[in-house]
There are 2 protein chains.
Amino acid sequence: MVISSLNSALANEEIIGASLMIKIFGDFKSGNCYKVQLLVSLLALKTEWIDIDILKGDTKTEGFLDLNPNGKIPLLQLDDGRVLSESNAILLYLADQSHLLPSDSFQRAKVFQWLFFEQYSHEPYIAVARFINKYLGLPDSRLADYESKKEGGYKALDIMEQQLSKTQFLVGDIMTVADIALYAYTHVAEDGGFELNRYREINRWINDIERLPNYVAMP
Amino acid sequence: MVISSLNSALANEEIIGASLMIKIFGDFKSGNCYKVQLLVSLLALKTEWIDIDILKGDTKTEGFLDLNPNGKIPLLQLDDGRVLSESNAILLYLADQSHLLPSDSFQRAKVFQWLFFEQYSHEPYIAVARFINKYLGLPDSRLADYESKKEGGYKALDIMEQQLSKTQFLVGDIMTVADIALYAYTHVAEDGGFELNRYREINRWINDIERLPNYVAMP
């Protein structure tokens, strides 16, 4: 449904301009934004990317908070003005009716399971450790916080490794948006001090994803 | 699809026994488990509840970790042995094809948005503050942690209040599983020290939910 409306927008683009295109507000430094960028590329969707600089406070302006009171990116906006936040909700919306979201209800629920796992049990450890280390430069004042992320982060990686030793992708042998969501911060987990070389299956899975047609690397 | 297979199971129950029933492993102390209990009641689904005691370590046994390596409840198990974790993924699975999950793809994406908001921006503040206060008895060693939850918890409640001043439920004027997920820890937020009396629309919404047919209170 999304894809067909995008296709209609594309077909009419020269006549009615680009205003019917879906807008994505994002910051390339954020893995949550990169998820959306990767999905858009893999599905060859045409969207308009609007650069937001988190560190400059772009998500805290009155104008942005009117769009998303939670002050977070990525944010999707339809041509009629309606907005959608939460990276994984955006993935699910853009992947609707595509091969990256199973039509079987239980398989789809397993995709949801991994997406919630990502936001609750993976991102708060691995992405936050990466942010403290890579963007804040691991100041002494955050060292205890940084160290406290280790146990949860390795637990999340262990759970992924266990699944990926049974199936090629997280929800079986077909790739889904769950793999895109988990790939985003997993493949750069070393920025947060996590040793990925101890995970054979995760490395195999990372390679599988990086060989896909239309794959784009994190900027 | 789920409901029709449940109905088939029900129709055959007397002949083939209850073994085809969906099992839910849960602990009544957990708001994440209560979400599932409330949904099951509202949709009048027949499921088998298996009591788990978190505080006694039931989720850390080898047998339970075989079912869910993340060691968390609620956990759903189909009669063929397949399992599904993450409370909000379970809600989405059980509500599939019901009136609590919109068929329109954008409306459904808005449900997803609120479910991810709940797990990332609400539960880690409000549910954790409640746990420290109500179940751990607010020991001095956790006081700083408890206080650190205030800002995020009130921000989440502010965002809900803003939405509920525009629409009757979180995703418009029809109730969805997003309301069930957010209701679970919001209506007991005072256990975590949050003053709910300052939120007129949240209180109105809580009353709307509590007047629904088949509503069950949190044990």
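Does B:Arg130 count as buried or exposed?

Reply: The model is a predicted one. B:Arg130 counts as buried, because its relative accessibility is 6% and the cut-off for buried is under 20%.

The side chain of B:Arg130 meets that of B:Asp191 in a salt bridge, with a distance of 3.0 Å from N to O. B:Arg130 belongs to helix α5 (residues 105–135) of chain B, while B:Asp191 sits in the loop between α8 (177–186) and α9 (200–210) of that chain, so the pair ties together parts that are 61 residues apart in sequence. B:Asp191 has a relative accessible area of 23% and is therefore partly exposed. As a general point, side chains of opposite charge can pair when their charged atoms come close.

A further salt bridge joins B:Arg198 to B:Glu195, and here the closest N and O atoms are 3.7 Å apart. B:Arg198 is partly exposed, at a relative accessible area of 48%. B:Glu195 is likewise partly exposed, at 42%.

Helix α9 of chain B holds both B:Arg204 and B:Glu201, which are three residues apart, about one turn of the helix. Their side chains form a salt bridge of 3.3 Å, N to O. B:Glu201 counts as buried at 15% relative accessibility, whereas B:Arg204 is partly exposed with a relative accessible area of 24%.

In chain A, a network of salt bridges links A:Arg200, A:Glu201, A:Arg204, A:Asp208 and A:Arg211. Over all chains, a search of the whole structure finds 26 salt bridges.

If neighbours within four places in sequence are left aside, the contacts of B:Trp205 include B:Met160, B:Leu164, B:Phe169 and B:Leu170. B:Asp179, B:Leu182, B:Tyr183 and B:Thr186 are also among the residues in contact with B:Trp205. In soluble globular proteins, nonpolar side chains tend to be buried together.

Key. Residues numbered from 1 in each chain as written. Chains lettered and ligands numbered in written order. Predicted model: local features only at pLDDT ≥ 70, side-chain atom pairs only at ≥ 80, totals over all residues. Heavy atoms only, no water. Contact = heavy atoms within 4.5 Å. Salt bridge = Lys/Arg side-chain N within 4 Å of Asp/Glu carboxyl O. Helix = DSSP H or I, 4+ residues; strand = E, 2+ residues; numbered from the N terminus. Buried < 20%, exposed > 50% of the residue type's maximum accessible area, 1.4 Å probe, protein only.
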